[in-house]
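Trainee: I have not looked at this structure before. Please take me through some of its helices and rings.

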Amino acid sequence: MIFRFLRSAVAACISRAKRGGLCLALAAALAAGLCACAGQNNALPANAPTVTIGMDPFEPYCYLDSNGQYAGIDVDLATEAFSRLGYKVEFEEINWPDKDSLLQDGTVDCLWACFSMNGRADQYQWSGPYMYSRQVVAVRADSNIHDLADLAGKRIGVQATTKGEGLFLGKIPSDLPAAGQVSSFATTEDMFAALRKGYVDAVCGHEALLAGWISTETIAYRLLDESPMKSELGVAFAKGTHAELSAALTQTLEQMQYEGTTGRILEKYGVDAQKAMGGDENA
């Protein structure tokens with residue numbers, strides 16, 4: 001099945017080669033047999049085409065490590081997936097509010113940075129979803145809050161302009177009970193300081209961010225099992241562009257998930273692979 005898809009992708013790309021260099025490069029890569037399947041990851045030639053990926057640092061998805069190199073879940077997934085399609089990758093840190101204009105003028109070829117597809121299905125040419133991200137609630141280990149229903153009337157801490165804030169302020173529809181008070185903080189550090197000092201009863205945020213913060217704290221916290229929101233993460237190309245490349249990327253990401261490559265990358269960064277890939281009904 002995958003080989004039939006690749007043959008059709010080659011034909012489609014060649015017939016549309018004049019529409020853009022990336023599609024022509026994809027056709028050449030596939031035709032030359034550079035696309036790796038079933039877990040193989042062929043070395044790329046020196047003259048392999050490059051895909052420029054716009055990203056916004058957000059650990060553990062994409063960030064600079066101690067050696068000044070880009071690392072993270074999205075970095076590893078992008079490098080592996082595009083390598084299978086015959087491309088080198090170049091990561092470009094961008095001013096996120098400028099992302100659409102940077103896509104349109106070709107400064108970046110796509111956006112890959114824990115970017116949610118929810119509510120944006122018609123705004124971009126998408127590949128994915130390749131995984132899911134959850135909003136979760138953290139409490140002190142000795143708290144009597146054990147599920148979302150227990151949050152009724154409680155004091156909730158969130159980070160300003162995040163989905164957590166939108167959920168508890170009612171800007172994002174959910175089944176959450178009404179909180180007694182919602183306090184917005186500028187940083188995750190401020191949010192956890194309020195929880196540590198007892199100024200709030202619980203905090204809400206992105207699962208990977210909260211889990212990473214909890215792992216470095218000396219005070220014991222725990223995450224509630226239930227999630228008030230799950231988002232589909234995808235790779236965004238400019239609307240109406242790179243249809244063949246985005247379709248081939250979706251196929252490659254599905255193959256990586258099927259064979260276990262995606263799960264191994266997630267676990268490398270301490271993320272529950274089953275939940276992140278949608279295998280948990282409470283995710």
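Trainee: Which residues are buried in helix α9 (residues 261-268)?

Mentor: This is a predicted model, in which local features need pLDDT of at least 70, side-chain atom pairs count only at pLDDT 80 or more, and totals for chains, interfaces and linings use all residues. Residues are numbered from 1 along each chain as its sequence is written, and side-chain values use heavy atoms, with hydrogens and water left out. Buried means under 20% relative accessible area, with a 1.4 Å probe and protein chains only. In α9 the buried residues are T261, T262, G263, I265 and L266.

Trainee: What do the buried residues of α9 pack against?

Mentor: Packing is judged by contact, meaning heavy atoms within 4.5 Å. The partners of the buried α9 residues are α3, β6 (124-140), α8 and α10 (273-276).

Trainee: At what angle do helix α3 and helix α8 pack?

Mentor: α3 covers residues 73-84 and α8 residues 243-259. Their axes, lines fitted to C-alpha atoms over the stretch in contact, are 9 Å apart. Angles run from 0 to 180 degrees between N-to-C directions, and the one for α3 and α8 is about 115 degrees.

Trainee: How are the rings of F58 and Y61 arranged?

Mentor: Rings of Phe, Tyr and Trp (its six-membered ring) pair if their centres lie within 6.5 Å, and planes under 30 degrees apart count as stacked. The centres of the F58 and Y61 rings are 5.8 Å apart and their planes are at 15 degrees, so the pair is stacked.

How values were computed
Helix = DSSP H or I, 4+ residues; strand = E, 2+ residues; numbered from the N terminus. Buried < 20%, exposed > 50% of the residue type's maximum accessible area, 1.4 Å probe, protein only. Phe/Tyr/Trp six-rings, centres within 6.5 Å; stacked < 30°, edge-to-face > 60°.
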